[in-house]
Amino acid sequence: MSDAPVTVRIVGRGRAGGSMAVALASAGWGVQQVSGHSENLAAAARGVDAVVLAVPDGAIEAVARRIEPTDAVVIHLAGSWGLNVLGGHARRAAVHPLVALPDAEIGARRLRGAWFAVAGDDMADAIVDALDGRSFVVSDEDRAVYHAAAVVASNHLVALMGQVERIGATVGVPRSAMIDLARGSLENVAAIGAAAALTGPVARGDEDTVQRHRLALPTDEVALYDALADAARRLVEERDRAS
């Protein structure tokens, strides 16, 4: 690329689009942002180096069709879609930020140095480099599996901590105490892997304690507890096979 600032038009004004707009502008890129419902969407790829589709996953294909092809790279931010959803555009890329983006300000900060799943045109790498990020390539056929793993790591983890909050609140346990416990467990996983990091009653084969938990819990919390206990047993099996 030349030394001239890269110009990008971001289609979509939600959390992802806003975060990317702020982050790339802070990196020195020329950024414009338009609504995914803009009447002038056909011209979105004119006069810029790249167009980033920061619209809901289900709308990407339709929005890409509305944009007239140019030499600009057309990029989407979805985790579960490959390049084919961008249709007939000559230059296509996928850049999925592997980070939660709660709003534009916080999201822009988190994009700096984040991990990204990329595919397609080299413009994807240029975006990652501009944000001092790290990347890995995910092929089209693997995108749905990759995104499922990302959902479990982020969204399902949040849902799990929601159960922790509900159960802990019934006996007055501070949320911060459980957050510290969870943070330490994640650090253990990072250091030695999930199977080796598992502790607690399932890890030591104490099914009596597991049953006491089940009897003590509110009825509507038992199903999730059981599912996760089964998942813990699977980790025990993996640990035992590896030993």
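At what angle do helix 1 and helix 3 pack, and how far apart are their axes? Helix 1 (residues 15-26) and helix 3 (residues 104-111) pack at about 55°, and their axes lie 7 Å apart. This is a predicted model: local features need pLDDT of at least 70, side-chain atom pairs count only at pLDDT 80 or more, and totals for chains, interfaces and linings use all residues. Residues are numbered from 1 along each chain as its sequence is written, and side-chain values use heavy atoms, leaving out hydrogens and water.

**Overall build**
- The protein chain holds nine helices and seven strands. These are DSSP runs numbered from the N terminus (helices H or I, at least four residues; strands E, at least two).
- Its C-alpha atoms fill a box of roughly 65 × 40 × 30 Å along the principal axes.
- Of the 243 residues, 36% count as buried (under 20% relative accessible area, with exposed over 50% and partly exposed in between; 1.4 Å probe, protein chains only).
- Take contacts (heavy atoms within 4.5 Å) between residues at least 6 apart in sequence: 51% join residues at least 24 apart.

**Helix 1 against helix 3**
- The two helices are therefore oblique to each other. Angles under 35 degrees count as roughly parallel, over 145 as roughly antiparallel, 65 to 115 as roughly perpendicular, and the rest as oblique.
- Axes are lines fitted to C-alpha atoms, for helices over the stretch in contact; angles run from 0 to 180 degrees between N-to-C directions.
- Helix 1 contributes Gly18, Ser19, Met20, Val22 and Ala23 to the contact, and helix 3 contributes Ala104, Gly107, Ala108 and Leu111.
- These contact residues divide into six nonpolar, three polar and no charged. Ala, Val, Leu, Ile, Met, Phe, Trp, Tyr, Cys and Pro count as nonpolar, Asp, Glu, Lys and Arg as charged, and the others, Gly among them, as polar.

**Nonpolar cores**
- The largest nonpolar core has 29 residues, and Trp29, Ile75 and Ile127 have the most contacts inside it. A core is a set of buried Ala, Val, Leu, Ile, Met, Phe, Trp, Tyr and Cys residues joined through side-chain atoms within 4.5 Å.
- Helix 4 supplies the largest share of this core, six residues.
- Leaving aside residues up to four places away in sequence, Ile75 touches residues including Val52, Leu86, Val95, Met123 and Ile127.
- A second, separate core has 17 residues, among them Ala44, Ala45, Leu53 and Val63.

**Pro218**
- Pro218 sits in the loop between helix 8 (207-216) and helix 9 (222-242).
- Pro218 counts as partly exposed because its relative accessibility is 37%.
- Pro218 and Thr170 are 48 residues apart in sequence and 9.7 Å apart in space, C-alpha to C-alpha.
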